Amino acid sequence: MSPNLTTKSVIETITFDHQPTFAERWAIMVGQIYPHHQRYVDDFEALLLSSGLTRESRLLDICAGEGMPAIDLIQRGWQVDTLDASADMVEVYNRCAARHGLTSRCILGNWMEVANYFRPGSYELVICHGN
């Protein structure tokens, strides 16, 4: 199995030779809120599977933030597209995804205009985690 996104891996993508952005501070805070990150993702995936979804199901995370749990799910083989309205969050997400060798990239956009970015009806589940 691929390595999972962890607080440490998020922090390692952040350089502090500048004033940290809100998105960078948020990425660190998420690690503090979810100290049992792996168990959380395991439980989230179990919920998806128990709901009848499969790794072939298409998921859309409309407020992807720093990438938890989207990056973890992608590493496990799930089909997840992502969107976030914050350019800083998109940057943090994309750095984390790249660090994990993923081609997944978060799109900058407002969830209220999701139909402008993704074809309606093309997802089995839309999630908005942590908002």
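This is a predicted model: local features need pLDDT of at least 70, side-chain atom pairs count only at pLDDT 80 or more; totals for chains, interfaces and linings use all residues.
Student: How many residues does the largest nonpolar core have?

Tutor: In soluble globular proteins, nonpolar side chains tend to be buried together. A nonpolar core is a set of buried Ala, Val, Leu, Ile, Met, Phe, Trp, Tyr and Cys residues joined through side-chain atoms within 4.5 Å; buried means under 20% relative accessible area, exposed over 50%, partly exposed in between (1.4 Å probe, protein chains only). The largest one here has 21 residues, with Leu48, Leu73 and Trp78 among those making the most contacts inside it. Its largest share, 6 residues, comes from α5. Helices such as this are DSSP runs (H or I, at least four residues), strands likewise (E, at least two), numbered from the N terminus.

Student: Which aromatic rings pair up, and are they stacked or edge-to-face?

Tutor: A pair of aromatic rings is described by the distance of the centres and the angle of the planes. Rings of Phe, Tyr and Trp (its six-membered ring) pair if their centres lie within 6.5 Å; planes under 30 degrees apart count as stacked, over 60 as edge-to-face and the rest as tilted. There are 2 such pairs. Tyr40 and Phe44 have centres 6.2 Å apart and planes at 15°, so they are stacked. Both sit in helix α3, about one turn apart. Phe118 and Tyr123 are edge-to-face, at 5.8 Å and 85°.

Student: Which residues does Arg76 bridge to?

Tutor: Side chains of opposite charge can pair when their charged atoms come close. A salt bridge is a side-chain nitrogen of Lys or Arg within 4 Å of a carboxyl oxygen of Asp or Glu. The structure holds 5. Arg76 pairs with Asp42 at 2.6 Å and with Glu45, also at 2.6 Å. Arg76 is buried at 9% relative accessibility, and so is Glu45 at 7%, while Asp42 is partly exposed at 35%. Shared partners join Asp42, Glu45, Arg55 and Arg76 into one network.

Notes
Residues are numbered from 1 along each chain as its sequence is written. Side-chain values use heavy atoms; hydrogens and water are left out.
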